Amino acid sequence: MTPVRYIHEAPDWPHLHCDLSSLGSLLARVHRKRGQLIGEARGYDGHTRTLEFAQAITSDVISSSRIEGEHLPHPEVYSSVAWRLGLDEGGLPPAARYLDGVVDMTLDAVRHHQEPLTADRLWHWHHLLFPSGYSGGERIDVGGWRTDLHGPMQVVSAHHDPQRRKVYFQAPEAARVPAEMQTFFTWVNTEQGLDPVVKAALAHLHFLTIHPFEDGNGRIARAISNLLLSRADGQAERYYSLSQIIESRKAGYYTMLSRTQAQRSLDVTPWVQWFLEAVEGALDEAQRHLDLVRVKHDVLQAVPDLNERQRSFLARVFAGWDGKLSSQKYARMHGVSADTALRDLSDLVARGVLVRTGEGRGVRYLVPVPDLGRALVERAPEQFMLKLDGSGE
């Protein structure tokens, strides 16, 4: 009998499983935080929810691509997302065709999560990722399963010397892919009574182990995770980005994947734990952002008659802008005189919207916020403070 080197060679493949009893407290926290985030988001008006959805999708598109070493321009990605969601693009540059494709794939996974996952759907996603038929200047087979024409599909180290490269994982031979994917589709689209977030974790690993495409497997795997997590949430908008957290933990992501794929056992509890912790991290990050949205709303509601310049200024504060701002810069930002800028800033201080601290060039303005906001200020003060240059004051 041939010895088992990779998980897909195990006799019972692909029946992945995990020890849910050891993950109980973590899974309970994830579900509690999911419910809390969804419940809080429902308390906002539709426009605010759409803005938060647009930001989450933009973050997911950029991070998922960056994991693969591709850096997408944020303004163009957001422009593409905003146009598709009916938001004001605010003069942002139009997105390139290939960016529109990545956005379309990500939105399709979330907004149409209840539709079955099929070969045609994944092939369409693959076309969206590679509209030109090229990846990194090389021609690839687009819209179909890989053929292994140039050798087996391997995940290897990036050593410059081919003789010293290490093979971390070798996917099933191409001849197995059609049957493997049909089994995968049947499992994904069938209700097994499995916890939906755990199912997303298993699906991510299962798909990447098959590695059915010549390129783009990682981004499609994360889109599949988005689809299944959206099914779990039961709604067509998501306010957190799993890819953003995976990117921030990229080394651990690849280490855990390669370690799991190179094992003989189908018990993948460590991988599921890693995935659940990443989801929890994404939920925590989204909750912090929604807390900022709530504080911003409370501050602006408390002073309803601010002019548009002042509102724009406060929006930058809550966006976490950290930079020096003189009255001259404020004037250039809004197209007004230095005297008008100074009056705006002084008015915000007089109203209690800003508190001036420091002297000269060390002047800082802090946004005093209600009880909820105070905890946030203590955790991340730079998100609520702007350094103002003393000149022109």
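Visitor: In this predicted model, at roughly what angle do the axes of helix α4 and helix α8 cross?
Guide: Axes are lines fitted to C-alpha atoms, for helices over the stretch in contact. Helix α4 spans residues 97-111 and helix α8 residues 217-233. Their axes come within 7 Å, and the crossing angle is roughly 25°.

Visitor: Are α4 and α8 roughly parallel or roughly antiparallel to each other?
Guide: Angles under 35 degrees count as roughly parallel. The axes of α4 and α8 cross at roughly 25°. The two helices, α4 and α8, are therefore roughly parallel.

Visitor: How many residues of the contact of α4 with α8 are charged?
Guide: On the α4 side the contact is made by Met105, Thr106, Ala109 and Val110. Helix α8 contributes Arg219, Ile220, Ala223, Asn226, Leu227 and Ser230. These residues divide into six nonpolar and three polar, and the number that are charged is one.

Visitor: Is Arg146, which forms a salt bridge with Asp148, buried or exposed?
Guide: The closest N and O atoms of Asp148 and Arg146 are 2.9 Å apart. Asp148 has a relative accessible area of 22% and is partly exposed. Buried means under 20%. With a relative accessible area of 5%, Arg146 is buried.

How values were computed: Residues numbered from 1 in each chain as written. Predicted model: local features only at pLDDT ≥ 70, side-chain atom pairs only at ≥ 80, totals over all residues. Heavy atoms only, no water. Axes fitted to C-alpha atoms, helices over the stretch in contact; angles between N-to-C directions. Helix = DSSP H or I, 4+ residues; strand = E, 2+ residues; numbered from the N terminus. Parallel < 35°, antiparallel > 145°, perpendicular 65-115°, else oblique. Contact = heavy atoms within 4.5 Å. Nonpolar A, V, L, I, M, F, W, Y, C, P; charged D, E, K, R; others polar. Salt bridge = Lys/Arg side-chain N within 4 Å of Asp/Glu carboxyl O. Buried < 20%, exposed > 50% of the residue type's maximum accessible area, 1.4 Å probe, protein only.
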